[in-house]
Amino acid sequence: MRRLSILTGAAILALTGCATPLSIQRPADACAPTAQFDFVCGANKPEDLAHIPDTPWIVASGFATGAGLKLVDSRTRQARFWFTAVADQVAPDPAYPDCVKPPDPALFTARGLSLRMTGPGQGRLLVVNHGGREAIEVFAIDARDSAAPPTLRWQGCLAMPDGHVANAVASYGDGTVLATVLTRPGTSITDFVVGRTTGGVYQRGPQDRAFRLLPGTELPGNNGLETARDDSGFYVIAFGLREVVAYGRHNTRQPLWRALAPEFMPDNIHWDGERLLLAGMVRDEPACGGVRKIVNGVADGMLCHRGYAVAQLDPENRHFSLIAYGPPDPAFNGVSAAVLLGEDLWLGSYQADRIAVRRLPKNDMN
């Protein structure tokens, strides 16, 4: 198990090659390594990351207009645009009927990701899209040919309710899709920063024609989302509270349990083996004047560079194991997602124009 002992916030704060994407050329010094990180350039606002199992390939979202999806080769640390809407990438499936056309690559704004393998080398990738429509885009992935990059085909989309903007997405094995909404209509980021209820978890089954709010899942800033390994329920991050909240699948009116993250603000959450992997910015950052502030009634945008932390959560005993942390980095802010691949920790960001890569000490890889 990869882990470090849990440290206090003060201890975390005291701790004291760039690869060119195939479709984007940048000066060599535009993405130079820093004291903490190497970088994969050209991945604009990679808010979420997903590793395709048993391959060297990582999928990165792009939380900016036209940033779309990137496919990253972890061996060369190169990224390229993946979905370009060419004919062989489009294969509509009547199971996802809400959109006639695939997302426009010029508008495709990808946020949360969820990859569920459906067979050897094959999977279903769900992508939160804000570009041109508010929807969950559905892609079939084929990585069976180990000698070639994986392929993807757009199969359709599931539209979010009017006025609702999805944040994260997950699914059960039977095809039921879950999505979080950070701020429902009439609520704001400021509301959840001060602890007010703003969001919710929405569900759409294979036979449903629309998403519906699951009662009892309204939290201060519903953010990252993952389903249980046995499909018995799900885990959602209440961003305003820094909590992971667990729910049963068939009765969501009361949480099963809550777990408070240690001194950082977890954003996305995904499985890493039998533990849940969370990443986010340090809660109380001295370089930014401490905790997030409300100024003239508005929450600050956290553009000041904060330190980061990555932890694993054991859902059985609700224990957090801190595996990586660091001070603010001049070239990388807004840590929002993590993937562990071999000895490398890959970090996504909802603010940066790159993916960060950090080699973990071997004694922490046991």
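Analyst: A salt bridge is taken here as a side-chain nitrogen of Lys or Arg within 4 Å of a carboxyl oxygen of Asp or Glu. The model is a predicted one, in which local features need pLDDT of at least 70 and side-chain atom pairs count only at pLDDT 80 or more, while totals for chains, interfaces and linings use all residues. Residues are numbered from 1 along each chain as its sequence is written, and side-chain values use heavy atoms, with hydrogens and water left out.

By this rule, the structure has 15 salt bridges. One of them joins the side chains of Asp 344 and Arg 77, with an N to O distance of 3.1 Å. This pair links distant parts of the chain, 267 residues apart: Asp 344 belongs to strand β25, whereas Arg 77 lies in the loop between β4 (70-73) and β5 (78-81). Strands (E, at least two residues) are DSSP runs, numbered from the N terminus. Both Asp 344 and Arg 77 are buried, a term for under 20% relative accessible area, with exposed meaning over 50% and partly exposed in between (1.4 Å probe, protein chains only).

A second salt bridge connects Arg 116 with Asp 231, whose closest N and O atoms are 3.3 Å apart. Here too the pair links distant parts of the chain, with Arg 116 in strand β6 and Asp 231 in the loop between β14 (222-227) and β15 (233-238), 115 residues apart. Arg 116 counts as partly exposed because its relative accessibility is 23%; Asp 231 counts as buried because its value is 18%. Salt bridges that share partners also join Asp 38, Arg 77, Glu 343, Asp 344 and Arg 359 into one network.

A further salt bridge is formed by the side chains of Arg 75 and Asp 73, at 2.9 Å from N to O. Arg 75 counts as exposed because its relative accessibility is 58%, and Asp 73 counts as buried because its value is 11%.

The strand that holds Asp 344, β25, belongs to an open sheet of 4 strands in the order β1-β26-β25-β24, with antiparallel pairing. Two strands pair if DSSP finds at least two bridges between them. The edge strands, β1 (38-41) and β24 (335-341), each pair on one side only. On average, neighbouring strands of this sheet are turned by 25° against each other, direction ignored; such angles run from 0 to 180 degrees between N-to-C directions, with axes being lines fitted to C-alpha atoms. Strand β25 (residues 344-349) pairs with strand β26 (residues 354-359) in the antiparallel sense over 4 bridges. The bridge partner of Leu 345 in β26 is Arg 358.
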